[in-house]
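Have the sequence and the 3D view ready as you read along.

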Amino acid sequence: MWLTVMGPVRAWQDDTELELGPAKRQALLALLLVRSGQPTSLSTIIDVLWGQTPPSSAANVVYRHAAAVRRLLETPSGADAGEDGTPATRLVRVSGGYRLDASPSTLDLLRFRQLRGAAEDMGGTGALRDSVRLLTRALRLSRGPTASGILPHIAQHPYFMAVDREYLTAVKEAAVIATAVGEPGSVLDILQPAAAQHPLDEILQAQLVRTLAATGRQAEALQAYHAVRTRLAEQLGIAPGPELRSVHQDIMRRDAHKAPRLSPAFPAEPARTRPQEPRRSLLRPSQLPPDVTDFAGREAELARLDALFPVDAPVPDDAGRVRAEPRSTHHTGDEHTPPRPPVAIVGMPGVGKTTLAVHWAHRIAPRFPDGQLYVDLRGLAIDGTRVTPSEAQRAFLVALGVPDPEIPADRDARTHLYRSRLAGLRLLIVVDDVAHSDQVRPLLPGTPDALVLATSRDRLGGLAAREGARPLVLADLSPAEAREALVRRLGGRRTGAGSDAGDAVDSVDDVAGACSRLPLASAVAGADVLRPDGRLPCVASEFRARAVTLDEITESGPHADIRSVFAWTYRQLAPDSARMFRLLALHPGFGIAATTAASLAGAPLELARELLAELTRVHLLTEEAPDVYVLHDLLAAYARELLRGSDREDQRGLSIRRMLDHYVHTARAAATQLAPQRTEQWPLPRLQPRTTPEPLPDRERAADWLDRLLLPVLIPVAGEAAARGLHAHVCQLGLALEVHLDRRARWDEQLALQKICLLSAEAQGDLWAAAHAHRALGFAQGRLGRPVEARTHLFRALSLFTEADDPRGQGATHRALAFRANAAVRHDRALDHYGQALALYRSAGDTLGESSVLNGIGRTLVLKGDHHAALDHCARAVELSRAAGDLNGQAAAQDGLGHAHHHLGEYDRALSHYRRALGLYRELSDRCLEADVLVHVGQTQHAQGDDDLAAESWERALSVLDALHHPEAGALRRRLAELRAAVPREASG
């Protein structure tokens, strides 16, 4: 027998095609085929075949069709029978549902996966030409979209779309490898129909253009490029991304007598995007910073901004309140409405751009009921902490409820998702401190319903020319406004009381003038006056007597006195406070913890807190959160200038070394708190005297420190350590952050960090460190949907761990390869890798590793439908973990037991094991995995038919994930909403 599902659902016995029966039966067969070897519950079958409104007879209909499918598969011929005489392809009744057993000799999908797996193996050994031949054989098994003959609404179910994505990934792999080995023509007949079916997939279209050019068909390649460029512009309103542009430029640069110079580099794969998915339920973010309480002046600028944003008749919001509504907010889609042009507030540093933007944003926020987004791009940061447009898009998408793992890694795919999610939403988006037009352009939603408000020191001429941005050039305050702002800050007691009122007014004008009528400088000068010994006339006299240009951070001309404002405040500081101010400029990021500052200064923590409090009192520093401080970039530039003139280079280097020690030792402590069972270690570098690591008394504090204080500066810190040749520091960061970055789905940061680790390891000739970096890179690439790169790194890691004679490292790499194999639905290959890992861990006497592998084998057996064998393996994992005192391993194995019992339909037993896992994770204070188990509890309760209890469990899990800002919170929130929506229908039906 031969069955096909990669295209129309068909069946043959010998040379005779079999009649499959009515549409619903064909759909049932298609579902069982794409899930071959896996149990499919009756409730799942009903959901796929009928959706949310099944008839009362649905179960009986399924039973009848299943009986007919069973008869169809039980053919009279013995050619397909196994050794025991049973058919090689058969339908088996399992607890709660059905399982269709097939083999690569009877089902095209399994044959496809077998050939693709063999191609992966060839690629792993370097035999790329053999690999591409096997891949093309696998791809030619397809005859169109998965299950293309069944009812269209059923064919759109994720089970079938997952196979389409699996096929599309293989097409891209084949195109990349074929081009790399100089055989692009071998995949062209596969690539062209795939590109036609996915006309907006830029990576696929770039592969087509590249392949056409590489086969000498430049005219067709250019035609294909211009066709996709037109589609992108007309349907998405965007220009081609970097991959397409790069291929086009390669073609245009070719020599008349040479083939085009085409990059063999592997392109980035989009990570699990589903552009045709229905719109998600979105959160309503409210991210605007607080408005200032003593805002003064800027009446003319506010009037101009209001004029750029006219108001029509008021409309009620969702709560029934009447609020002003911006023009052209609601659009039916029948007419073309151009996107709303962005507004750009531009001007020199310290002139009050952010203050004005935030103040006006608060004024107009009620007109944007879908939310307000804010990001500081740190456009002119010179310490490596500039926020990229892609990072800002991710933050905005997460704020709108999109789970982080579902956000594509590819920049263009992420931009598509960003604009799709924002379409039709009435959002206010404030983008602060933009370096140039290209930095803000990807954040423009391109719709008439949202407004982007940007601030920049650049005039953003490109944004005005291309996107029609409305610029507002912000000058210094007028004399009257500067006086009003300073008076409001100082209060009447200091500025106008008694017989000296006239002198006070003159002094206010002098101070305001010395501040160049810049709000930032006025804030610093006002703090000087408010000091106990800061009399207004004395401050004004000092400012009149001294004027020094700060030409490195301000423009020339009338604003040149800003340094005198900073210098006046700086000269009032005690020596220790002044030194602390200078040393803070060495920090590579935005938020500076008190312990970090103490390490920089080599001071006791309590003394450091006193110094930071003094700097905060005089407005040279801002306390953003308890014990966390922010240094404005204008003041940071001034501090750097002072540092160069006041502190020797060796002293600065020692401060940086203490800061790096602080981060590395605290990161190691945090990693130990979060993963105490981990055996891989690297010797800690010696802690420099007078370094203050952050105290982390529990797991919550450890995770919070990593998320808030290390991750924002992780890459600059690792880069600084690498640049100074501190290899042990780099390795420690790579080891300490690997698990945490994976749990937080921060795979872009993982790649950046581990690449630094790899370069450092290669420079030092450190085999073990290079192997670890390759393994971490491979796992992250797999998470991002880049299987070719993942396998390359993982096999390289395996080779290096073998050369280094490290069985634990080899075992961990085989576990990673097993994980990737399961993700590719290659469960037998996963079991093979787990078997090798088990032998390696046993040879090393690593009980914890052995226990982890046994649990992994159990979970893989669940995926294969062998639930009783899964129970045996998970039970052995529990015993080993208990004997070793490993609570984390016990919890994971109890969760695995629950998973197996769930799929056997033994729901009470499953809940019993899940509750044991919950207790252990709570004892460990591992809230992330506690939430994971609560999700499993809810799934079992839902399977029992108790949706109220399931909803309660998922609500508890969601509260944990929300508290952790976990990327999976959005996906669970949607599932919970779907469950709640289904309950009334069931009650009424």
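## Aromatic contacts

One aromatic cluster is formed by Tyr 570, Phe 581 and Tyr 638. Keep in mind that this is a predicted model. In total, the structure holds seven aromatic pairs, and two of them are worth a visit here.

Start with Phe 396 and Tyr 418: their ring centres are 6.4 Å apart and their planes meet at 25°, under the 30 degrees cut-off, so this pair is stacked. Phe 396 belongs to helix α14 (residues 389-399) and Tyr 418 to helix α15 (residues 411-422), so the pair ties together parts that are 22 residues apart in sequence.

Now back to the cluster. How are the rings of Tyr 570 and Tyr 638 arranged, stacked or edge-to-face? With centres 6.3 Å apart and planes at 85°, the pair is edge-to-face, because planes over 60 degrees apart count that way. Tyr 570 lies in helix α23 (residues 562-572), while Tyr 638 lies in helix α27 (residues 633-646), so this pair ties together parts that are 68 residues apart in sequence.

| Residue | Relative accessibility | Class |
|---|---|---|
| Phe 396 | 1% | buried |
| Tyr 418 | 0% | buried |
| Tyr 570 | 14% | buried |
| Tyr 638 | 3% | buried |

Finally, one ring meets a charge: the charged end of Arg 975 sits over the ring of Trp 954, at 4.8 Å from the ring centre.

Definitions and conventions:
Residues are numbered from 1 along each chain as its sequence is written. This is a predicted model: local features need pLDDT of at least 70, side-chain atom pairs count only at pLDDT 80 or more; totals for chains, interfaces and linings use all residues. Side-chain values use heavy atoms; hydrogens and water are left out. Rings of Phe, Tyr and Trp (its six-membered ring) pair if their centres lie within 6.5 Å; planes under 30 degrees apart count as stacked, over 60 as edge-to-face and the rest as tilted. Helices (H or I, at least four residues) and strands (E, at least two) are DSSP runs, numbered from the N terminus. Buried means under 20% relative accessible area, exposed over 50%, partly exposed in between (1.4 Å probe, protein chains only). A charge sits over a ring if NZ of Lys or CZ of Arg is within 6 Å of the ring centre and within 35 degrees of the ring normal.
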